[in-house]
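Let's go through some of the labels used for this fold and see what backs each one up. Have a look first.

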Amino acid sequence: MSYVAAIDQGTTSTRCMLFDRQGQTVSLAQREHRQLFRRPGWAEHDALEIWRNVQRVVPQALAQAGASERDVAALGIANQRETTVVWDPATGRPLAPAITWQDTRTSELVDALVAAGDAERIRRTTGLRPATYFAGPRLRWLLDHVPGLRERGEAGDALFGTMESWLIWNLTGGPDGGIHVTDATNASRTMLMDLTTRQWDDDMLALLGVPRAMLPQIRSNAERYGDCDSLLRGVPIAAAIGDQQAALFGQTCFEAGDAKCTYGTGAFLLVNAGTERPPDTDGLLTTVGYVLGDEPPVHALEGSIAMAGSLVQWLRDSLEIIPTAPQIETLARTVDDSGGCTIVPAFSGLYAPRWSQEARGVIVGLTSYVGRGHLARAVLEATAWQTWEVVEAVRREAGIDLAGLRVDGGMTSNHLLMQMVADVLDVPVQRPLVSETVCLGAAYAAGLTVGFWAGLSTLRRNWHRAASWQPRMDPRARRRGARRWSHAVETALLAARPDDQDDEDD
Amino acid sequence: MTHGNTSRSTMPNGVLYGGRVPGNVQAVERAVAVLRTLAAAGRPLDLAEIAAALELPKTTAFGLVRTLRDVGVVEQHGTGGAYALGDALARLQQTALDPHDLRSIATNWADALAARSRLEVLVTMPEPGGARVVHHVFRPDDSAQELRTGDLLPLHATAAGKVLLAHAVRTPRPTELERYSTRTITQRPRLDAVLRRVRESGWAGETGEFHPDEAGVAVALRGYGGLVVGAVSVRGPIERVTGRDGRPSAGLLDLVRSTAHSISRAVVT
């Protein structure tokens, strides 16, 4: 047995990778799937298309490595979180398009929960503040809108799952004995799970009107759920973990206080919060980090930033002031600072730690001195200061001081941005050699389960630094920058006036 | 701009290919004719108009204009749309490739090279005063290292610099060959001989010529038309780069070569 396989079922594509004992990439096959936008605010995937893509990329990854399923010790699955699938267990056919995490159709449902005063109860039980982000309200929407779904669900003739459940069910035989399970990280994003017991919570099920019979069994992130039935026949499925938690694990953030941030379209910062459930905070989500078999669970604090790379894309595609995304660094380096302007990219509100759906983007401090170079710099600074806000919330609300930040994602090739992050956080920022941290995390968890790797210390030795950025900002300049950023965010929070909201509602 | 027949270009003095001066390359003449046609038209032209203007078969005109589009001097307005001059011609004097685009393209390949070679990896681009480091991956042994992005490496004393110098057209050669160690090549004729060998073999080495205890291997990165746009190199302690014969192992050379090939292929797509 030479390899561990990992499937990363992501928002835009599905990939399969093989890793060797050193944790190095042996092969990678990838296939994109369609993004379906049937109505404004809707974002859907075809779950069958995704399953077909899995059936294609897995053999491709094996072929690239010249390997067969006999060379694979275990399979681990990482997935886009909160994307909701319902299917017919008799036929294996989805009963509706999969509703993705970006879909905002549940906003009225969520608003109603908040208006009914249920927010605090939800947070106490699940660790989540009610938002369109989570899977539970989506399932409720489907129950309300797909004819006959509720009756079928109550009778066990319809199953619910997030992507890992859907894939594990199919991999283990589908209609012919497929196993219906989920893992603690994915379940912790449904708004249906009690974060303390890591079981479905009757109160939450009643609140959202979800029949228990259609829910998968919640399992740990690293255990043998079952063996593959046809694709990778005989290979144990030994890990399932949400993609951001997988990145935390792949970055070997195994100690309380270890933190990683993935800079992609948005940015996701997760901090290992240790084995005790952390107190609820206003600015952050409390979630399951990972659970290894019977070991105590490791919790995580999560702060998501809605716009990071997408703000650079806006500069490229809408303002057309850069021809390619990487060239924002070229443009930003033509100036020494942002010329006094600050951009708050609250294009569709602000996520952590402000959580305002109403905030709108602002550029403050414009003068005739400000040129494109300054704007480019302000765009990068916006990502750095948003990271700072999340890290400040971690410090203030959870009492955790970060000693460093491990980074991954496409934007880590922007060295100017990485230096800014180190500067404003005042901690070293490090990039690992294996950039595919999501797949790696799923592979690590699966490999641990079957003994391919001996333990966490072995995995830690596999982590190598590919680059690091040391803070070198003057403390006074940092304090000044923080004040300027906070002031600009206040402006963004004022940007949507109540009467504008009324206009939008009609 | 003249609109008559293109005058016969003459080769620079003293440059002979295989001992004879070749005739003009028809494809180049036709490509320039396409550009002049587009410039003179003052509006985008479709393929049929270009072919008609030059009395070329449509397939020939299509091959020309598609190539010109792919190298960036002609723009096409939408798939199957009309063609116009691109702004790349006006920017020919600037570096064609943006250093941060190159870094973004090179990152995954450079990471893999560092992982397999266990050496640090540098991606450099030519500048008049040296080889500018646009990307740096640490040696994966978790020793204390500093990011060298932005550093300027001496052309005559580093593997990366020698590759760029060997293929340089516009980079001025260093008039003064500064000495960094006892092994730095400071004699012009010796450097010329080394650069000749670099051109023949396709790679450059460095042994203690910059830092006395460091060695390196570099291979050129090529953009459209084979133009050298940069270099990828590995560096490390001499004993980890070269064998007892003072040469890098064939395995290491293959790694650097295949990385350079992969990055080059990604640069032109």
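Q: What makes helix α5 of chain B count as lying across strands of chain B?
A: In this predicted model, local features need pLDDT of at least 70, side-chain atom pairs count only at pLDDT 80 or more, and totals for chains, interfaces and linings use all residues. Residues are numbered from 1 along each chain as its sequence is written, while chains are lettered from A and ligands numbered from 1 in the order in which they are written. Helix α5 (residues 159-166) of chain B lies across β3 (120-127), β4 (130-137), β5, β6, β7 and β8 of chain B. Contact means C-beta atoms, placed from the backbone, within 7 Å.

Q: Which direction does α5(B) take relative to β7(B)?
A: α5(B) runs at about 35° to β7(B). Axes are lines fitted to C-alpha atoms, for helices over the stretch in contact, and angles run from 0 to 180 degrees between N-to-C directions. Helix α8 (residues 250-267) of chain B also packs on the sheet, touching β6, β7 and β8 of chain B, at about 30° to β7(B).

Q: How do you know that β7 and β8 of chain B pair?
A: Pairing takes at least two DSSP bridges; β7 (residues 214-222) and β8 (residues 228-237) of chain B have nine, in the antiparallel sense, so they qualify. B:Arg222, for instance, is bridged to B:Val228 in β8(B).

Q: Why are β5 and β6 of chain B at the edges?
A: The open sheet's order is β5-β4-β3-β8-β7-β6 (chain B). β5 (152-153) and β6 (203-207) of chain B each have a single partner strand, so one side of each lacks a neighbour in the sheet. Strands here are DSSP runs (E, at least two residues), and helices are runs of H or I, at least four, numbered from the N terminus.

Definitions and conventions:
Contact = placed C-beta atoms within 7 Å.
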